[in-house]
Amino acid sequence: MASKKPSKVAKIDIGISEADRAKIAEGLSGLLADSYTLYLMTHNFHWNVKGPMFNTLHLMFMTQYTEQWAALDLIAERIRALGYPAPGTYKEFVKLASIKEIDGVPPALDMVSHLVAAQEATARTARRLFPLLEKANDQPTADLITQRLDLHEKTAWMLRSLLEE
């Protein structure tokens, strides 16, 4: 978890203080936890969706979880570049995530509603990092967060569109 001190093997001098790197890594750890929870929820719904919209949702969810899987690596690697270990266990993710797991197999449109909420929650988690990133002058993390926000907001909009009449 990000609150642990970075390794003393090599000094990190990238122009961001150790204190700011620790706060950024902590925020990114929350984003990683939300992103992993969203990934798992989307993959679960991909496997279990049924009904008249099966093919559309099955393919849409696959596109979404595939993209989400790639994003996990980018977020974890940014945490590592800042000198901190990335969380990587279910126990850590449950503790850090703002998204709660869904029990059972909801109907298809409920799946869509849950995914809208999870996409929006992940966007809120990412957005909370910007004041710290600006203060620390951390453009690489800001760029990553901007890209993630664009995707989560667009995906939430597309999913919301399925719920409209």
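## Exercises: how helices H1 and H6 pack

Helix H1 (residues 18–48) packs against helix H6 (residues 139–163) at an angle of about 25 degrees, and their axes lie 13 Å apart. This is a predicted model in which local features need pLDDT of at least 70 and side-chain atom pairs count only at pLDDT 80 or more, while totals for chains, interfaces and linings use all residues. Residues are numbered from 1 along each chain as its sequence is written, and side-chain values use heavy atoms, leaving out hydrogens and water.

**Exercise 1.** Describe how H1 and H6 are oriented to each other.

*Solution.* Start with the cut-off: angles under 35 degrees count as roughly parallel. H1 and H6 are therefore roughly parallel to each other. Next comes the handedness: their crossing is left-handed (the near helix is turned anticlockwise from the far one by less than a right angle).

**Exercise 2.** Find the residues that form the contact between H1 and H6.

*Solution.* Contact means heavy atoms within 4.5 Å. On H1, look for Ile24, Leu28, Leu31 and Leu38; on H6, for Thr141, Ile145 and His152. Now sort these residues: 5 are nonpolar, 2 polar and none charged (Leu and Ile count among the nonpolar, Asp, Glu, Lys and Arg as charged).

**Exercise 3.** Is His152 buried or exposed?

*Solution.* First locate His152, which sits in helix H6. Then apply the cut-offs: buried means under 20% relative accessible area, and exposed over 50% (1.4 Å probe, protein chains only). His152 has 0% relative accessibility, so it counts as buried. Finally, list its partners: beyond neighbours within four places in sequence, His152 touches Leu38, Gln68, Gln119, Thr122 and Ala123.

Conventions
Axes are lines fitted to C-alpha atoms, for helices over the stretch in contact, and angles run from 0 to 180 degrees between N-to-C directions. Helices (H or I, at least four residues) and strands (E, at least two) are DSSP runs, numbered from the N terminus. Angles under 35 degrees count as roughly parallel, over 145 as roughly antiparallel, 65 to 115 as roughly perpendicular and the rest as oblique.
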